[in-house]
Amino acid sequence: VCLIFLVVLSILFAGLPGRDELRTLGEMPQATTLYDVHNRPVFTIFKEYRIEVPLSRISPHLRRAIVAFEDQRFADHGGIDVVRIFGAVWADLREGRKAQGGSTITQQLARQTFLTREKKLWRKVREIALARRIERMYSKDEILELYLNKVYFGDGLYGAEAASRGYFGKPAAD
C-alpha cells in the first residue's frame with residue numbers, strides 16, 4: 001500500500017517546476033513596439049496588455065480589496081487555506097454544483113503560471129504542491145506583487161496597472 005501511494009505521488013508530481021523554474025515566476029509575456037524612421041513608437045503589438053509595476057506603486061486600498069475578496073487569510077497561511085477549502089466544499093454541496101472556489105492567491109498564481117485550468121483533482125493537488133513551494137521561496141509581498149501584475153482583470157487587461165488605466169484612466173497607485 002505504501003509503495004503504491006509513493007508511485008501515485010511520484011506520477012502526480014512528475015513534471016512540476018523545480019526551484020529554477022519557480023524563479024521565473026515573475027516572467028510575463030512582453031509586447032513588441034514598432035518604431036518609425038525617427039525612432040518614435042508607432043504602435044505596439046501585445047501578447048497580453050500588461051504594465052508591470054512594483055507593489056509600492058499599487059494603491060494599498062486596491063491591495064487590501066484584492067486580498068479581502070480573493071484570500072482573506074493570505075497573511076496567515078502557507079499557500080493553502082484549509083478553512084476556505086472546507087467552506088467551498090460545503091457551499092458546493094449546498095448548491096449542488098460548483099458554487100465557490102477555494103484557491104488562495106498563491107494557488108491562483110501557481111495555476112496561472114504553470115498549470116492548466118482543467119478541473120481535475122490531480123491538477124488541484126499539483127496546484128497545492130506548487131503553492132507550498134512558492135510560499136517557501138517568496139515573501140508574501142513578492143507573491144502579492146506577482147499576482148497583481150499577472151492576474152486577468154477582463155477586457156484584455158492583465159495586472160492591476162493595465163486594469164486601472166483601462167477602466168479608470170489612472171494609475172493603480174491612485
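Predicted model: local features only at pLDDT ≥ 70, side-chain atom pairs only at ≥ 80, totals over all residues.
What Glu70 does have is a polar contact of 3.0 Å between its side chain and that of Gln108. Leaving out residues up to four places away in sequence, Glu70 touches Arg84, Ser103, Ile105, Gln108 and Tyr147.

Two of those names, Ile105 and Tyr147, come up again in the core. The largest nonpolar core of the model has 23 residues. Ile105 and Tyr147 are among the residues with the most contacts inside this core, and the others are Ile58, Phe74, Ile143, Leu144 and Leu148. Which elements give two or more residues to this core? They are H3, helix H5 at 105-114, helix H6 at 121-137 and helix H7 at 140-150. H7 gives the most, with five residues. As background, nonpolar side chains in soluble globular proteins tend to be buried together.

Let me take Ile58 from that list. Not counting residues up to four places away in sequence, Ile58 touches Val53, Arg63, Leu148, Ala160, Ala172 and Ala173.

Ala160 leads us to helix H8, residues 160-168, where the buried residues are Ala160, Glu161, Ala162, Ala163 and Ser164. What do the buried residues of H8 pack against? They pack against strand E3 at 49-50, H3, H7 and strand E4 at 157-158. After H8 comes Gly169, with a positive phi near 70°.

Back to H5 for a moment. Thr106 is in this helix. Is Thr106 buried or exposed? Thr106 is buried, because its relative accessible area is 0%. Setting aside neighbours within four places in sequence, Thr106 is in contact with Phe74, His77, Gly79, Ala131, Ile134, Glu135 and Ile143. Phe74 and Ile143 are also on the list of core residues with the most contacts.

Now for two loop residues. Most residues other than glycine have a negative phi. Asn39 is not a glycine, but its phi is positive, about 65°. Asn39 is in the loop between strand E1, 32-35, and strand E2, 41-45, and is exposed, with a relative accessible area of 59%. Asp155 also is a residue other than glycine with a positive phi, near 55°. The loop that holds Asp155 runs between H7 and E4, and at 66% relative accessibility Asp155 counts as exposed.

Last, the chain as a whole. How many helices and strands does the chain have? There are eight helices and four strands. From the N terminus on, the order is α-α-β-β-β-α-α-α-α-α-β-α. Of the 174 residues, 35% are buried. Taking contacts between residues at least 6 apart in sequence, 58% join residues at least 24 apart. The chain exposes about 11000 Å², and carbon and sulfur atoms supply 58% of that area.

How values were computed:
Residues numbered from 1 in each chain as written. Heavy atoms only, no water. Polar contact = N/O pair within 3.5 Å; in protein donor to acceptor, adjacent residues only side chain to side chain. Contact = heavy atoms within 4.5 Å. Core = buried A, V, L, I, M, F, W, Y, C linked by side-chain atoms within 4.5 Å. Buried < 20%, exposed > 50% of the residue type's maximum accessible area, 1.4 Å probe, protein only. Areas by Shrake-Rupley, 256 points an atom, 1.4 Å probe, with all protein chains shown as cover.
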